[in-house]
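These are my notebook entries on the structure shown below. I set down what I looked up, topic by topic.

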Amino acid sequence: MKPNGALHQLEQESIRIIREAVAEAERPVMLYSVGKDSSVMLHLALKAFYPMNPPFPLLHVDTTWKFREMIAFRDATAARLGMELIAYTNQEGLREGVTPFTHGSRAYTDVMKTDALRMALDAGGFDMILGGARRDEEKSRAKERVFSFRDARHHWNPRGQRPELWSVPNLARNRGESFRVFPLSDWTELDVWRYIAREAIPVVPLYFAARRPVVERAGQWIMVDDGRMPLSPGETPRMKVVRFRTLGCYPLSAAVESRAATVRGIVRELECARSSERAGRLIDFDQAGSMEKKKQEGYF
Amino acid sequence: MTKAGAILRFLACGSVDDGKSTLIGHLLHLTGNLYDDQVAILEQESARLGTNGAGIDYSLLLDGLTAEREQGITIDVAYRYFATPQRHFIVADTPGHERYTRNMATAASRCSAALILVDARQGVLPQTRRHALICALMGIRRFLFVVNKMDMAGWSEQGFREVQAQCNRLAGDLERFGLPRAECVAVPVSALNGDNLVALSPNMPWYDGTTVMGWLHAVAPGEGMEHAAPRLPVQYVIKVARPGGAWQEGADGAFRRGGNGTFRAYAGTVVSGSLKRGDRVVVLPSGLRTRVREMWCGDRLVRQAVAGMAVALSLEGEHDVVRGDMIVAEDQRTELAHLFKVRLVWMDDQPLYSGRHYLFKGVAGTATAGITRIRGRIEPDSYQRLAADHFSLNDIGEAELALSLPIPFDPYAENRETGGFILTDRLSNATVACGMILHPLRRTATVRRQCEEIGPPERAAIKGQRPCVLWLTGFSGAGKSTIANCLERKLYTLGRHTMLLDGDNIRQGLNRDLGFTEAGRIENIRRIGEVAKLMTDAGLIVITAFISPFRAERDMVREILPGGSFVEIHVDTPLEECERRDPKGLYRKARQGEIPNFTGIDSPYEPPRAPALRLGTMARPVWECADAIIAYLREHGLLPE
Ligand SMILES: Nc1nc2c(ncn2[C@@H]2O[C@H](COP(=O)(O)OP(=O)(O)O)[C@@H](O)[C@H]2O)c(=O)[nH]1
Ligand SMILES: [Mg+2]
């Protein structure tokens, strides 16, 4: 068992980061991707500014391919908290019919996620962008600063990161430049779930095991969330008890076979897990160093 | 925060190729902190690149940037997280190249322990010493020298002992340089094979010390920030303005359920010490005095917050407190200053010359900073101070800094949070340096006179001060020692040379042979008077804290000392109050007859007829009493500016 003191310390340090970012921002925003990390980050923000509502809107880049339950959860959360929600879709990409099935995951991600995010940030003129990424997710993330500088084109320069000393970040920037701020940098997947359990934070039900319609693609279970999923002749979805370790666009998020139907169950499952969270995220395996490349171009 | 169960943050540093990344990767693997798919990918990549023959190249696990993998070097810090049943760890794998020193410093600034890798065949290299120096300057006091590649050094005990001796020399040199003693241990390992990482290795039967994991489990986490003076830099002002209501001091009850009113709370992290509800505080730089009314941690009201906790607090009364203000405990105030002597690690390609201006940023806000003088460079290999007129990239040195406005601070040696800062370039926005405050600066006009014999005036002049004896008298429990300590601290920060004589350092040593008979008490005071006289001859400001109940004894001391140097200060707390406080339980014992001849109970106290200063302590905090003494000294020319 991880000692509780560690979770408390992570929580307190994250709140400090969120406050620092917002205090130095002209136009702060929180990237709310509806997943477990976003749920924790939002919960921390509520604590950071209590009894005031967090002084920033939530931004969701909606590719139109998110699980339906995610969208429902997103809207309910924003309404419950009385927070402004900006749902942004790259209309141009939509018009051109860019989908994960027609254009491949890489091109689709470039247009509907990375481009969309850049456009949304420009449209809002946001200069301090809170995101729920964690360093334990991926090797290039492990290299990123908590307060990560982005040039006016939203590009990250991994070879020339600003030093980051103590808790005194250098947030100086010119017009158009911005910072991606990662309050959960030091959290692991297990920390996130233990914290969700401790604080009873609501999360999308897709994280819990249930019978869901799935098809097998490249050795992984993909959920058929709506009628847009092209099926090969004779292919019919099967009902399997599965859950998701990571959520994104349904055609790109693989389900795992699991019986964990509660937060406690998930914690127990992860305590003896033998495979990483990223194993279910298809876009990361397109090419070596793919995350770093996407991040350089402005992806989260 | 740093209680059992908190996180240990440590870094791996040392010269290029000494095996930092390999060590961390292998530790993760051996402690079961790698997933199967990560190991599978690692094995595939190792086989494809062939960097470690047929074996696993653990550095591939850490070197996550494309450029790092292409060049086979570490450029920036990689953070990894792992846990064992006993503890939770955050480890930073740092680059060994001198070019990337600033990335290594980034990691060191937040760590409380360091693994310093040394190649057994090469021993301590200049880069090893540079990294150790940076760690020590950053305040890390726990070092494990990991003597690596023992497999390539024939597992030789003699080889290890030689490198260990070099490590000990390094530690000694750091101390000679003026840094506090660090805890230093050396362990022989093979990071590649795993020897002595988690279990003692049969390849080195001659070694029976700690393993790397054993050390990481045993070392204390944190720097004990909860024991430092209470500080809370205000990060953010939480404002809730609901229509139609009046100012609310607290957000309890109806207001929280959505009532009307305007409410303000000051959000920030208690960076050191602890604060309680009701504590008397001072807000700097304004000097506003008030009390903590309420304190929240998230949506929970809390009574107390210790170092590391992010809280929001409301203050009694309606005030204008802003981001960058610092809330400090009233009896442990910090100074405000704008001239400092600092240590810098220079991180910019453009060199630093004196006269340059930058933006200063610390936890207590920002200011414009001018470098008024470069005091010298610290040679990163020999730790010698060398003359210098500029700092180049990665230079470490000492300089004088002038800020556009005074800021509250603590010396870095006392507080890593309030004593550290960064300098940024106002045009490029780059971070050009990180710095550590050594002390505030005051120029003392030193009187120089040619003379043959060194006497009391010369000794006093070289210290730039007027020696005197500040004689505190009053009942037991009146507050003499507390005020004396606070006063000495204040004089010390003003750059004064002082000595405090108190029951503890006199009765246990010099006057150990004296009892509490009348003769004993008189002799006690006589000796203290003589010691105080020697110390004033040496040029010191002497502070004494003894009950000294009899006029005759105090007058005796007055006569021993040179005219005008005996300053009698009556700490005038009424007996009832002293007895109520009874900090050591002495009054209770005296009342029960366990202590005979106790002043105020069965032995008289003769108050001074005309003391230089009479201090009431009833409605007055300690630091104010100390300030009153300092004001007296100033007025009477005993404390020249
Ligand atoms: N023989 C041997 N080689 C090692 C050992 N530790 C590291 N190495 C090798 O030394 C080289 C540099 O290691 P790396 O971990 O990248 O060093 P870093 O620059 O300090 O991070 C790699 O080729 C490692 O395989 C060891 O204990 N024994
Ligand atoms: Mg390395």
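**Entry 1: the parallel sheet of chain B.** I began with one residue pair and found that L501(B) stands opposite T544(B), which belongs to β29(B). The strands concerned are β28(B) and β29(B), the latter covering residues 541-545; I noted five bridges between them, in the parallel sense. I then looked up the sheet as a whole: five strands of chain B in an open arrangement, ordered β28-β29-β27-β30-β31, with parallel pairing. At its edges I found β28 (498-502) and β31 (613-615) of chain B, each of which pairs on one side only. On average, neighbouring strands of this sheet are turned by 20 degrees against each other, direction ignored.

Next I asked which helices lie on this sheet. I recorded that helix α10 of chain B (residues 480-493) lies across β27 (468-473), β28, β29 and β30 (566-571) of chain B, and that α10 runs at about 165 degrees to β29(B). Helix α16 of chain B, residues 622-635, also packs on the sheet, where α16 touches β27, β30 and β31 of chain B. The direction of α16 makes about 170 degrees with that of β31(B).

**Entry 2: confidence.** I remind myself that this is a predicted model. For the complex, the predictor gives an ipTM of 0.92 and a pTM of 0.78. Chain B has a mean pLDDT of 89, and 94% of its residues reach 70 or more. I marked residues 443-452 of chain B, over which pLDDT stays under 50; for this stretch the model has seven contacts beyond four places in sequence.

**Entry 3: the mixed sheet of chain B.** I looked up a second open sheet in chain B, built of six strands in the order β2-β3-β1-β4-β5-β6, with mixed pairing.

The bridge partner of L11(B) in β3(B) is A92(B). Helix α5 of chain B, residues 101-108, lies across β1, β2 and β3 of chain B and runs at about 155 degrees to β1(B).

**Entry 4: ligand 1.** I listed 16 residues around ligand 1; those that come nearest are D17(B), G19(B), K20(B), T22(B) and D151(B). Helix α1 of chain B (residues 20-30) gives the largest share of this shell, three residues.

- D18(B) has a backbone N or O atom 3.3 Å from an oxygen atom of ligand 1.
- N148(B) places a polar side-chain atom 2.9 Å from an oxygen atom of ligand 1.
- D151(B) places a polar side-chain atom 2.7 Å from a nitrogen atom of ligand 1.

On its own, ligand 1 has 580 Å² of accessible area, of which the protein covers 86%.

**Entry 5: strands of chain A.** I found that β7 (residues 210-217) and β8 (residues 220-223) of chain A run antiparallel, joined by four bridges. E216(A) stands opposite W221(A) of β8(A). β7(A) and β8(A) form a hairpin with two residues between them, and A218(A) in the turn has a positive phi of about 50 degrees. β8(A) also pairs in the antiparallel sense with β10 of chain A (residues 254-257), over two bridges; here I222(A) stands opposite A254(A).

Note on methods: Residues numbered from 1 in each chain as written. Chains lettered and ligands numbered in written order. Predicted model: local features only at pLDDT ≥ 70, side-chain atom pairs only at ≥ 80, totals over all residues. Heavy atoms only, no water. Pairing = 2+ DSSP bridges. Contact = heavy atoms within 4.5 Å. Axes fitted to C-alpha atoms, helices over the stretch in contact; angles between N-to-C directions. pLDDT = per-residue confidence, 0-100. Near = heavy atom within 4 Å. Polar contact = N/O pair within 3.5 Å; in protein donor to acceptor, adjacent residues only side chain to side chain. Areas by Shrake-Rupley, 256 points an atom, 1.4 Å probe, with all protein chains shown as cover.
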